[in-house]
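Morning, everyone. I have one structure to walk through today. Let me put it on the screen.

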Amino acid sequence: MNHKLFIACILLFCTTILFPDTPDYADSNGTVLSETQSGNAKIIVRKYVQRIEIGDLSDSVNRTVWSSPGFSGAQQIHTLELGDYIDIDRIFVRTDLSEEKTQTWMSIT
């Protein structure tokens, strides 16, 4: 009886190696493309591909498209309207380590 239990445990172990429960997320949304730190600012860039339609739940303040992340030196280039579509390809998360504040920016087309 112990011999059968031992063989069953080995077979179970082999199947967990051959057939993992987690899918392969390589090169999918959330993949870290780069991570940099300059002074008190840490910036993480992640791959994120999605098409979004602008709806009535977005505030007009959040519909402004800037030429680059951060307001210093950036220019307002467009204001999105209801029904507009944007395609996101990357998300930038900037964390100010001294103040523990986070800003999230999206690279859109």
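This is a predicted model: local features need pLDDT of at least 70, side-chain atom pairs count only at pLDDT 80 or more; totals for chains, interfaces and linings use all residues.

Now some totals. The protein has 109 residues, and buried ones make up 14% of them. The accessible surface comes to about 8,800 Å². Carbon and sulfur atoms hold 57% of that surface. What about contacts with a separation of 6 or more? Of these, 43% join residues 24 or more positions apart.

Next, the core. Which residues form the largest nonpolar core? There are six: Ile 54, Val 65, Leu 80, Ile 86, Ile 88 and Ile 91. Strand S5 gives the largest share of this core, three residues. As background, nonpolar side chains tend to be buried together in soluble globular proteins.

Take Ile 88 from that list. Leaving out residues up to four places away in sequence, Ile 88 touches Tyr 48, Val 49, Gln 50, Ile 52, Met 106, Ser 107 and Ile 108.

Is Asp 87 buried, exposed or partly exposed? Its relative accessibility is 28%, so Asp 87 counts as partly exposed; the band for that runs between 20% and 50%. With the sequence neighbours up to four places away again left out, Asp 87 touches Gln 50, Arg 51, Ser 107, Ile 108 and Thr 109. For a distance, take Asp 87 and Met 106: 19 residues apart in sequence, 9.5 Å from C-alpha to C-alpha.

Over to strand S2, where we find Val 45. Val 45 has a relative accessible area of 7%, so this residue is buried; the cut-off is under 20%. What does Val 45 touch, beyond residues up to four places away in sequence? One run is Thr 31, Val 32, Leu 33 and Ser 34; the other is Arg 90, Ile 91 and Phe 92. Ile 91 you have already met, as a member of the largest nonpolar core. Val 45 and Arg 94 sit 49 residues apart in sequence, yet their C-alpha atoms are 8.8 Å apart in space.

Val 65 is in the core list, and Met 106 is touched by Ile 88.

Which strands supply at least two residues each to the lining? They are S2 (41–53), S3 (64–66), S5 (85–96) and S6 (101–108). S6 has the largest share, with five residues. By type, the lining divides into 14 nonpolar, eight polar and two charged residues.

Last stop, the backbone. Look at the loop between S5 and S6, where Glu 100 lies. Phi of Glu 100 is near 55°, a positive value in a residue other than glycine. For context, most residues other than glycine have a negative phi. Buried or exposed, then, for Glu 100? Exposed, because its relative accessibility is 70%, and the cut-off is over 50%.

That's my tour. Over to you.

Conventions: Residues are numbered from 1 along each chain as its sequence is written. Side-chain values use heavy atoms; hydrogens and water are left out. Helices (H or I, at least four residues) and strands (E, at least two) are DSSP runs, numbered from the N terminus. Ala, Val, Leu, Ile, Met, Phe, Trp, Tyr, Cys and Pro count as nonpolar, Asp, Glu, Lys and Arg as charged, and the others, Gly among them, as polar. A nonpolar core is a set of buried Ala, Val, Leu, Ile, Met, Phe, Trp, Tyr and Cys residues joined through side-chain atoms within 4.5 Å. Buried means under 20% relative accessible area, exposed over 50%, partly exposed in between (1.4 Å probe, protein chains only). Contact means heavy atoms within 4.5 Å. Accessible areas come from the Shrake-Rupley method with a 1.4 Å probe; for residues, only the protein chains shown count as cover.
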